[in-house]
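Subject: Structure handover, salt bridges

Hi,

Here is the structure for your files. My notes on its charged pairs follow below.

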Amino acid sequence: MSSESEIPETPPVPENEESSKSVSKKAAKKEAAKQEKLRRRQEAASATAMSSLAVEEEGLLADNYGDVPLNELQSVDNPEAGNWSASVYGKDWTEVGALTEPLKDQEVLIRGRVHTTRPVSGKLTFLVVRERGFTVQCVATLNPDYISRQMVKYVASLNRESIVDIVGVVSVPGAAIKGATQQVEVQVRKLYCVNKAMPTLPINIEDAARSEAEIEKALKEGEQLVRVNQDTRLNYRVLDVRTPANQGIFCIQSQVGAIFRQFLLSEEFVEIHTPKLIAGSSEGGSAVFKLDYKGQPACLAQSPQLHKQMSICGDFGRVFEIGPVFRAENSFTHRHLCEFTGLDVEMEIKKHYSEVMDLVDSLFVAMFDTLNEKCKKELEAVAKQYPFEPLKYKPKTLRLTFEEGLQMLKDAGVEIDPLGDLSTEAERKLGQLVLEKYNTEFYILHRYPLAVRPFYTMPCHDNPLYSNSFDVFIRGEEIISGAQRVHVPELIAERAQACGIDVETITTYIDSFRYGAPPHGGFGVGLERVVMLFCGLNNIRKTSLFPRDPLRITP
């Protein structure tokens, strides 16, 4: 027996068992690969099926949305011209402002601008549509009968300010809608883009509609909001006027013109239209736009003054005009323009020039009453962006003589030349004093010094240094100038020469009084200034659609 320890040998693995383990591993790998391949095939098949379903769905619903081809918008009276034509042909349009709860569950057809879009998911997008200051929330939700995923995506991609037509059903949500004026929703069924706006606009309507108070509040909270300055607004005025406040301003302006016209027509006035190209200046002075008229010197009319007086001489009795007025003054103030819309009146006087002031009184009190009654929503829209207090005025308008006004100023420590005109500061101070004493912001000041009035103004019978004239004020600013006119040709010629006017350029005007002229008087008022002061605005450019001042002649 050996002395060394014996180490037992490991029994050998049978050859067939080693081979079996190797085969088992290979089979497992092969099976796993087979299963993975099968899984991928199933996923691909599923994706193909889903894609086919989406294509099929899109094919069925594709007619419910898209850009409207130009040929359909060329006044084609054919419902088969295209998808849009088929959807709107023969249907009544509903204004966004008319979308209210009584229309619940009714199908409507609306047109408006894309105010905002808010994609929530691939199945849902909210769209706010705006029309003339009114907004409504529209909902595009995935629906197998109407709306595909691609349509939801299309709605989400619309640029702001694009014009869209929507067919949908009115619904009433359970909670108040904060982002729209209308407290209903439109469940979109069809949507067509009539005209696309560019992706990036020079100014955003939301920014342009923001009040100073909102901007200041955000600054205090550490947030900086965009402030759109006046020049930028005017450069892109076509966008700026889309804000609710501006929509309100120009609707109010439209009402002022309509009330002026309707009131005067009811008082037996005749509307006239006088030339704006004249041979001489209508007011005197150098502030005229001169031009060449076929080789003859001419200018743009500073007012219809001479021709409305000539119309009285032509036996119309009572006339008025609404038209453009041109002033070439280099006035860089908040209340002057080089072109504005004049509201002018001229009428026969039976006994006293107070008859003209009586008309001013009744006309403007009626105007203010009507604006407050008919333009409540518009005034609210203006006040939301530009806060103001309603105008204070009396049923019977206050009248003060120029001398009485001067005495009020003198008592308040303000000295004024008794034969001079009131400065802007003096007018404001007097307006403040009148408000404190009489509780009115609308009043008439009459018997102005003759030296500060136009050449055609009638002197007072008891003091030739004063005149039968008047100005009317709103919130301490002058809006109306009026007077009894001189109807005696010799005195007109004398006054014209005294004011530096070449009598030869107004001979036809003076001659019209040689044929017999009745005593008469009238007044003129700037449309833009009336709206500016009624709404308590700080700049007349806000009430001029496309302002013309010494620095601006576009857009």
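K308 is buried, at 2% relative accessibility; buried means under 20% relative accessible area, exposed over 50% and partly exposed in between, with a 1.4 Å probe and protein chains only. Its partner in a salt bridge is D344, with the closest N and O atoms 3.0 Å apart. By salt bridge I mean a side-chain nitrogen of Lys or Arg within 4 Å of a carboxyl oxygen of Asp or Glu. K308 sits in helix α9 (residues 305–313) and D344 in strand β12 (residues 339–348), so the pair ties together parts 36 residues apart in sequence. D344 is buried too, at 7%. A network of salt bridges links K308, D344, E346 and R485.

This is a predicted model: local features need pLDDT of at least 70, side-chain atom pairs count only at pLDDT 80 or more, and totals for chains, interfaces and linings use all residues. Residues are numbered from 1 along each chain as its sequence is written, and side-chain values use heavy atoms, leaving out hydrogens and water.

Two other pairs:

- K276 and E321 form a salt bridge at 3.1 Å, N to O. K276 is in the loop between β7 (270–271) and β8 (277–278), E321 in strand β11 (residues 318–326), 45 residues apart. Strands (E, at least two residues) and helices (H or I, at least four) are DSSP runs, numbered from the N terminus. K276 is buried at 18%. E321 is buried at 4%.
- D207 pairs with R210 in a salt bridge, closest N and O atoms 2.9 Å apart. D207 is buried at 12%, and R210 is buried at 17%.

In total, the structure holds 29 salt bridges.

Best wishes
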